[in-house]
Amino acid sequence: MTDASQTKSRSLLDRTFGLTEHGTSVRTEFIAGLTTFLTMVYIVFVNPTILGAAGMDKDAAFVATCIAAAVSTLLITLYAN
């Protein structure tokens with residue numbers, strides 16, 4: 001199989017992000033993304049509860065947790081491509 005025909009047979013996501021070259025697949029990346037999303041959702045709701053029990057304003061802790069999660073997600077996205 002030539003490089004041109006091999007490139008055409010790969011999915012758009014594989015060609016865009018070089019999944020094959022990095023030794024991964026769309027399925028693996030989807031599961032990793034879903035795991036990260038579920039972890040972030042858990043943290044966004046549990047962290048303010050814990051900080052609220054420690055005496056902090058629960059609403060402020062919620063907003064701060066959301067901002068920290070969004071900023072850290074954007075940074076790692078840009079860093080890791």
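## Burial and surface

A residue counts as buried when its relative accessible area is under 20%. By that cut-off, buried residues make up 10% of the 81 residues in this protein. The model is predicted. Its exposed surface comes to about 6400 Å². Carbon and sulfur atoms supply 70% of that area.

## Confidence

The mean pLDDT of the protein is 86. A score of at least 70 is reached by 89% of the residues. Where pLDDT is low, the predicted coordinates should not be read in detail.

## Fold

The protein has four helices and zero strands. Along the sequence the pattern reads α-α-α-α. Helix H2 covers 12-17, helix H3 covers 26-53 and helix H4 covers 58-80.

How many residues does H3 hold, and what should they span? H3 has 28 residues, and at 1.5 Å a residue they should span 40 Å. After H3 comes Gly55, whose phi is positive, near 110°.

Pro48 sits in helix H3. Is Pro48 buried or exposed? Pro48 counts as buried because its relative accessibility is 3%, and the cut-off for burial is under 20%. The C-alpha atom of Pro48 lies 9.9 Å from that of Cys66. These two residues are 18 residues apart along the chain.

Ala68 belongs to helix H4. Its relative accessible area is 46%, so Ala68 is partly exposed; that class runs between the 20% and 50% limits. Between the C-alpha atoms of Ala68 and Val44 the separation is 9.6 Å. Along the chain, Ala68 and Val44 are 24 residues apart.

## The largest pocket

Rolling a probe the size of a water molecule over the atoms shows where empty space is left. The largest pocket holds about 680 Å³ of space. Its lining has 22 residues. Closest to the pocket centre are Glu29, Ala32, Gly33, Thr36 and Thr77.

Which elements give two or more residues to the lining? They are helices H2, H3 and H4. H3 supplies the largest share of the lining, with 11 residues.

Definitions and conventions:
Residues are numbered from 1 along each chain as its sequence is written. This is a predicted model: local features need pLDDT of at least 70, side-chain atom pairs count only at pLDDT 80 or more; totals for chains, interfaces and linings use all residues. Side-chain values use heavy atoms; hydrogens and water are left out. On a 1 Å grid over the protein atoms alone, a cavity is a set of points where a 1.4 Å probe fits but cannot get out, and a pocket is an open set with protein on both sides within 12 Å along at least five of seven lines; lining residues have an atom within 4 Å of a point. Grid points are joined across faces, edges and corners, and a volume is the space filled by probe spheres set on the points. The expected span of a helix is 1.5 Å times one less than its number of residues. pLDDT is the predictor's confidence in each residue, from 0 to 100. Buried means under 20% relative accessible area, exposed over 50%, partly exposed in between (1.4 Å probe, protein chains only). Accessible areas come from the Shrake-Rupley method with a 1.4 Å probe; for residues, only the protein chains shown count as cover.
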